[in-house]
Amino acid sequence: IDQNLETGTTYFWLTLKKSTPTANLTISDITAEPNMTSTFTASFVVKSSDAVKLLIIMPDETHKPGSDTGKSGTPATLTAGVQFTFTIKSVDVNWNTASTVQKVRVETPTDDYDTVNLEDRLTDGTTTFKWTFKTAKTDHQIKALDIDPDPPALSTYTQTGVKVVANTAVKLQLLMPGETAVPGSSSGKKDSPSTQTAGAQFISTVNSVDDNWNVSYSTQIITVTTSDSTDTDPGDKRLVNGTTWYAVTITSAAVTTVTAKDNDPDAPTLTLNSNDVTVVPNEAKKLRLLLPGESSAPGKAPGKSGPPADQTAGIAFRAIVESVDEWYNKKSSAPTVIISADDPYDTPATQEKTLIAGSTWFDMALRTVNDSVNGSTWVVTAKDKTDVLTKNDSTVKIKVNTNADNRNLQILMP
């Protein structure tokens, strides 16, 4: 403060903002002539005022009482999952530490999965807290609140702009349609995978993440596979900044496991992640005819396995007809089906039924054997009478042998 002497005397009104046990004032002559010798006061104590608010000092910050903000420096960038220590002070209006024993609580409204709210009592106006953020974010907040029922009631302090970065990538996260990533949570995501349709492509996302499911930088090569032996796996892709996506098509209607695995020869090896998805049949497109000895095998042509068992002339057997989608998954529909065989004497010659819930059965018998040694072969055919479906299905030729238990003599006249 500059001020002129009047008749050799002047007065200064000062407001000191920083408390200190050894303050002093220096008076200097700033005029050119005459240049009087400077002098200073004896040391004196500047006490803090009464505590009115709280202050948070973060790592890499320094308490600076008397300043506009009460501290200097830029808060350190923190790492998710790594504990850090910060200080809380009770301070006067000019940010000087003011001794109190108030009980304070710490809250972090921007991270639902970090350390549970903590409480502690100030000692001579100061205490420290250890904290661990779980969620990587650039604008976390930390609040210090006075929860003591006794005075003084100290104003809440909110530390804003706390930057928390992801830790090192250690595992993979597989997100299916219907799921949403929730970094910091125990599972890393919420909701369940939506039901998929056989033969319909869907997109799955793979992330490299830290222990708390925050996306963390990685360029590992990742392969995605499914437990469906009939489909074509999407193969390998390299992560870009810790993430990539895969187009997946599952052809068998079933609960199917999709797995993301680190297939990179270089370290680090990220822990694999799997997810189950329910796959339902697509639209009914064709018929599947199953004879004794055959079993359904959905997912790819021919949609069944096993050769038809040989039949005996005149002995009835059961044929099952189903409506299936393009990938031979059974799908409910109700066309009228005709079943027949090219045996000129089969019984009954032609049958007709309407499918119920996509399935029905026919009892039939083939009767003709033209070769008593090698048997005869016939073709059984199922056909959609109503043309609801786009394709029919017939079996391979089925062998019919003579009935050794039911032989008769035959007289042929000229």
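**Entry 1: a sheet**

I looked up an open sheet of five strands, ordered 8-14-13-10-11, with mixed pairing. Strands here are DSSP runs of E of at least two residues, numbered from the N terminus, and two strands pair if DSSP finds at least two bridges between them. I note that this is a predicted model, in which local features need pLDDT of at least 70 and side-chain atom pairs count only at pLDDT 80 or more, while totals for chains, interfaces and linings use all residues. Residues are numbered from 1 along each chain as its sequence is written, and side-chain values use heavy atoms, with hydrogens and water left out.

I then followed strand 14 (residues 157–165). It runs parallel to strand 8, and two bridges join them; Leu78 stands opposite Val164 in strand 14. Strand 13 (residues 137–146) runs antiparallel to strand 14, joined by five bridges, and Ile142 has Gln159 as its bridge partner in strand 14. Strands of a sheet pair through backbone hydrogen bonds, either parallel or antiparallel.

**Entry 2: backbone exceptions**

Most residues other than glycine have a negative phi, and most peptide bonds are trans. I listed some exceptions.

Pro151 and Pro152 are joined by a cis peptide bond with omega of about 5°. I found Pro152 in the loop between strand 13 and strand 14. Another cis peptide bond joins Ala301 and Pro302, with omega of about 5°; Pro302 sits in the loop between strand 26 (295–296) and strand 27 (304–305).

Trp95 is not a glycine, yet has a positive phi of about 70°. Its loop runs between strand 9 (84–91) and strand 10 (103–107). Trp95 counts as buried because its relative accessibility is 12%, where buried means under 20% relative accessible area, exposed over 50% and partly exposed in between (1.4 Å probe, protein chains only). Trp213 also has a positive phi of about 70°. I placed Trp213 in the loop between strand 19 (202–209) and strand 20 (221–226), and at 12% relative accessibility Trp213 counts as buried.

**Entry 3: Asp325**

I found Asp325 in the loop between strand 29 (317–324) and strand 30 (336–341). Is Asp325 buried or exposed? At 0% relative accessibility, Asp325 is buried.

A polar atom of the Asp325 side chain lies 2.8 Å from the backbone nitrogen of Trp327, and one lies 2.9 Å from the backbone nitrogen of Tyr328. Asp325 is 44 residues from Pro281 in sequence, but their C-alpha atoms are 6.5 Å apart in space. Neighbours within four places in sequence aside, Asp325 is in contact (heavy atoms within 4.5 Å) with residues including Ala198, Pro281, Asn282 and Lys331.

**Entry 4: Gln196**

Gln196 belongs to strand 18 (residues 196–197). Gln196 is buried, with a relative accessible area of 10%. Setting aside neighbours within four places in sequence, I listed its contacts as Pro177, Phe202, Val277, Thr278, Val279 and Val280.

Conventions. Helices (H or I, at least four residues) and strands (E, at least two) are DSSP runs, numbered from the N terminus. A polar contact is a pair of N or O atoms within 3.5 Å; within protein, one must be able to donate a hydrogen and the other to accept it, and residues adjacent in sequence count only if both atoms are side-chain atoms.
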